[in-house]
Amino acid sequence: MDLLRSWSLRKRVELSLFWKKRKKIQTVNSSGGPGQTTGLAQVFLSYFPNIIIVHCISESRIHSITQWAEPTTPCGSFPRCSVWGTRRCCSSLRCHMRIPPLPSTLKPSLSIEAARKLRPTFARDRQNLAFRLGPSDSGHASLQRQRRVAALAKLLSISAESKALAVGAQAHCGAVKLGFRDEVFVQNHLINMYSRCGALGDGLKVFGEMPQRNLVSWTSLISGAVRNGELDVGFRVFLALMRSGLRPNEFSIGSVLKACAIMEACELGLCVHGIAVKLGMEKDSFFGSSMLSLYSKLGCVEEAEHIFNYMENCDVGCWNAMIGGYVLCGCGIEAMRLASSMRTKGVIMDEFTFINALKGCILWGNLYYGKQLHGLIMCSDVQFSIPVMNSLIDMYLKHSQEKYAFYVFDRMQKKDVISWNTVIGAFHEERDVTKVAGLFHKFMLAGLKPTEVTFSVLFRQCGNACDLNMGLQLCCLVVHFGHFHQSNVTGSLINMFAKCNALLMACSVFDSILSKGTGDFNELISGYNLCCCYPEALQVFCNLLSSGVETNVSTFASIFETCVKSGYEKMGRQIHGVIIKRALSGNNHICCSLAKFYVRFGCPDIAFLCFDALEKLDLTCWSIMISTFNGSGFHSEAIRSLNFLLEADGKPDEFIFGSIFNSCADSSSFDRAKSVHSLATKTGYDRHVYVASSIIDAYAKCGDIASARLAFNQSSGSDDVVIFNSMIMAYAHHGLITEALELFHKMKLANLCPSQATFISVISACGHMGCVDQGCALFESMKSDYGLEPSPGVFGCLVDMLSRNGYLEGAKGLIKTMPFSPWPGIWRSFLSGCRIHGNRELGEWASQMLCQLVPENDAAHTSLMEMLSVKRFWYHALSSMHCIIMSLSAITVGLKSLSGHMTLGRCVFSLSMVGLMACFRL
């Protein structure tokens, strides 16, 4: 824009602004300020050579910036206005002009209050315009210069806060014109403004042209470089600061420590820590919070504790940093203890304290403590904070308390996009997307614009529900909003199409991506794994390696899953070689994927060698190691891993305790269960929901129902549905149907809503004890009393109960009328009931249906043969045996191609021959 040319203020200009949206006229009178407003716009005349800032009240943003137009018709003389410092002219002369808006990418933002504070003044000053905060000042030139500098710095600060780059650039032009180019105070504000607006290059230019620099100049540039992700530039500027002879302050060192945490540069962080100690900053609260964040992000929580205890005057920022560090390291209990001690020491909790404390509740799994925090929030001023309420909603959702989460959501006065995304994500387990669609409709009616995160959540929910029609409608909507090419959106689309068994559409989305990233390749590999297309998944992995795109942890986890499911052990070992060549074997997550791979192929010793290659094992590695050993049946190795963890002075968490108790339950190791139970009690994890339910299950499967009942009584204070479900299942396994039903009624008295797992446990208990009427009544009460749609697991238990107790016709009718397609497990239950009660016709029908679903499985023929042999239908039994022999021959031929599996085919064949001999004996 051309600079505003000096022109006599003895004239009157009345501008008529055509407001495009409302089709109304806005009048601006330069002699007396804004004229009568007939639209929704309010125009502020601001000094920046040649611009007018047009502010939209409804949006609280700057609407447009335009060049001032010089009037063509002069006016006569007129008196000066006492408010605006201008002269009034005759009302006959007017100049109409239209103000063109800026492009959307250059529209800055400025609040109304800020614009009022910076009320411009136009006055005569040696035939130039002077920018002042108030009325005309006839004081000294030095005082006038100070006022101009202060006003210019204020406007630059507002531009930086609102990221108004265009306004900041115009302010820069004004500073140059008014002779403030060498003013250090103004140049520091310019560096800060450019860095906050994302134009770090311009900030570097300003810094390079400064004739004199002070500590604020260096600190502003360092913090701006770190804020914009230019960590290398930040380090170089910090080194130059050290060489310049200036002493860095806590803000410059804090920015460098933040960069060290992002890069996980432990040694460099220790060096900076040493510099700060030499400068005597170790007790500064700002520096202390930076050090706490650094060591927490590096996983050194003990060092962070030492620094926190050493500091004398800890402000709320230090407390928040330490609580957040505990949360970051997975120490939920320690975070809760520290948050509780804040109130005893009189430290006032702010919104960041509550956010970190709620995250600690999620890690700890303690809903009772979360409710206490909810009470504190409602008694403080942070109840109106949107981020705090979003964290509270997330806490309730993570504890499966959707009722309370939606109660908090409905009471929120203001909701942002994150609030809606959080509650929409609560339906990730729903098989019907009707509720999600209704919630998204309300979100659109609220006037908010969905982001790529919103569509990512919606696509994944459509994939979980296998609702392709809804997904296609949302796909059109995401194209309309312009988020189609976002990486998280394309990944969610590929995931949805793969789960809906639409691999051609998934490949089309993948091929349409212009710049394919690692996440896109990972989603396509996972989609092929989901559809059992293992050769295609390997081909995509090869294309990933040849394309030069970097691999990550998820890539190797997915491809090792491909190798395990397809039995490609040699391919997995070759991928291990690729990992070694790329020097990635020292990565903890990749090492965990390698260990899973070798354990699944029966090589636990090699898995131990993979873990030995790591310099430091964190709790995640130990947890994955123990759970992998437990899931593959290596229970002794799981216990041995726990002993190694304790010898290394490690502290097991709730996930490790849960895996160990599951291992004890599967191996019926009663003594080990008692020993680990004592350890969990000492560490305080016995009250955790996941651990408590695992303890109850372990004692029940070891045959000690009394110890299970005692563990339940000790942990029932939390009133969690999971613990009740575990105890009901324990009673069901021991045939104590009366106690199971009594506990179910106690749940109702405690106002606990039963889950699908609860009904599965109770109906299963009724089936084993022959209480068919009670089981059917519970099934009917799911929808009538609790509004729950029975899941496939509930239908499976009901069919098993009816078949087991001889209600075969009722079971057959239920299979035909249930809203799900029958799966192999439900046909096996029905066939087992036919075998028990000797119904040959229904047994043959169930056997045929089962063979159609899994033709390679001979379980249907075996059960049918056993039933026919008991009832002495010898001809039909021989026919079933012929089918078994033919299927086993095909399986044995296929197994010959896999090394080490020939014995399996021989064993199955031998067992079938034993069954044939028993048939002939009868």
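This is a predicted model: local features need pLDDT of at least 70, side-chain atom pairs count only at pLDDT 80 or more; totals for chains, interfaces and linings use all residues.

1. The buried residues of α11 are Val 301, Ala 304, Ile 307 and Phe 308. They span an arc of only 115° about the axis, which places them on the same side of α11. Among the elements that cover these buried residues are α9 (266-278), α10 (285-297), α12 and α13 (332-344).

2. Phe 308 also takes part in an aromatic pair. Its ring centre and that of Trp 319 are 5.1 Å apart, and the planes meet at 85°; planes over 60 degrees apart count as edge-to-face, so this pair is edge-to-face. The two residues are 11 apart in the chain, with Phe 308 in helix α11 (residues 301-310) and Trp 319 in helix α12 (residues 316-328). Both Phe 308 and Trp 319 are buried.

3. How many aromatic pairs does the ring-pairing rule give? The count is 28 aromatic pairs. One aromatic cluster is formed by Phe 409, Trp 420, Phe 440, Phe 443, Phe 455, Phe 459 and Phe 481.

4. For Lys 516 the ring is that of Phe 510, with the charged end 5.3 Å from the ring centre. For Lys 812 the ring belongs to Trp 845, and the distance to the centre is 5.0 Å.

5. Helix α43 (residues 840-853) has 14 residues; from first C-alpha to last it reaches 20 Å, close to the 20 Å expected at 1.5 Å a residue. Buried in α43 are Leu 842, Gly 843, Ala 846, Ser 847, Leu 850 and Cys 851. Viewed down the axis of α43, these buried residues fall within an arc of 170°, so they line one face of the helix. Glu 841, Gln 848 and Gln 852 are exposed on the face of α43 turned away from the buried side. The N-terminal end of α43 is capped by Asn 839, which has a side-chain oxygen 3.2 Å from the backbone nitrogen of Leu 842.

6. Helix α37 (residues 737-749) can be described in a similar order. With 13 residues, α37 reaches 19 Å from its first C-alpha to its last, close to the 18 Å expected at 1.5 Å a residue. Its buried residues are Ile 737, Ala 740, Leu 741, Leu 743, Phe 744 and Met 747. The arc they cover around the axis is only 160°, which puts them on the same side of α37. Lys 746 and Leu 749 are exposed on the other side of α37. The buried residues pack against α35 (705-715), α36 (721-733), α38 (756-769) and α39 (772-785). After α37 comes Asn 751, which has a positive phi, near 60°.

7. Is Ser 159 buried or exposed? Ser 159, in helix α2 (residues 141-161), has a relative accessibility of 0% and so counts as buried. A polar atom of the Ser 159 side chain lies 2.9 Å from the backbone oxygen of Leu 155. Neighbours within four places in sequence set aside, Ser 159 is in contact with Ala 164, Val 167, Gly 168, Met 193 and Cys 197.

8. Apart from neighbours within four places in sequence, Ser 391 is in contact with Ile 355 and Leu 358.

9. Glu 264 belongs to the loop between α8 (250-263) and α9. The relative accessible area of Glu 264 is 60%, and exposed means over 50%, so this residue is exposed. From C-alpha to C-alpha, Glu 264 and Tyr 295 are 9.6 Å apart in space, and they are 31 residues apart in sequence.

10. Lastly, the chain as a whole. The protein chain has 46 helices and six strands. Of its 922 residues, 48% are buried. Among contacts between residues at least 6 apart in sequence, 59% join residues at least 24 apart.

Notes
Residues are numbered from 1 along each chain as its sequence is written. Side-chain values use heavy atoms; hydrogens and water are left out. Rings of Phe, Tyr and Trp (its six-membered ring) pair if their centres lie within 6.5 Å; planes under 30 degrees apart count as stacked, over 60 as edge-to-face and the rest as tilted. Helices (H or I, at least four residues) and strands (E, at least two) are DSSP runs, numbered from the N terminus. Buried means under 20% relative accessible area, exposed over 50%, partly exposed in between (1.4 Å probe, protein chains only). A charge sits over a ring if NZ of Lys or CZ of Arg is within 6 Å of the ring centre and within 35 degrees of the ring normal. The expected span of a helix is 1.5 Å times one less than its number of residues. The arc is that of the directions from the helix axis to the C-beta atoms. A polar contact is a pair of N or O atoms within 3.5 Å; within protein, one must be able to donate a hydrogen and the other to accept it, and residues adjacent in sequence count only if both atoms are side-chain atoms. Contact means heavy atoms within 4.5 Å.
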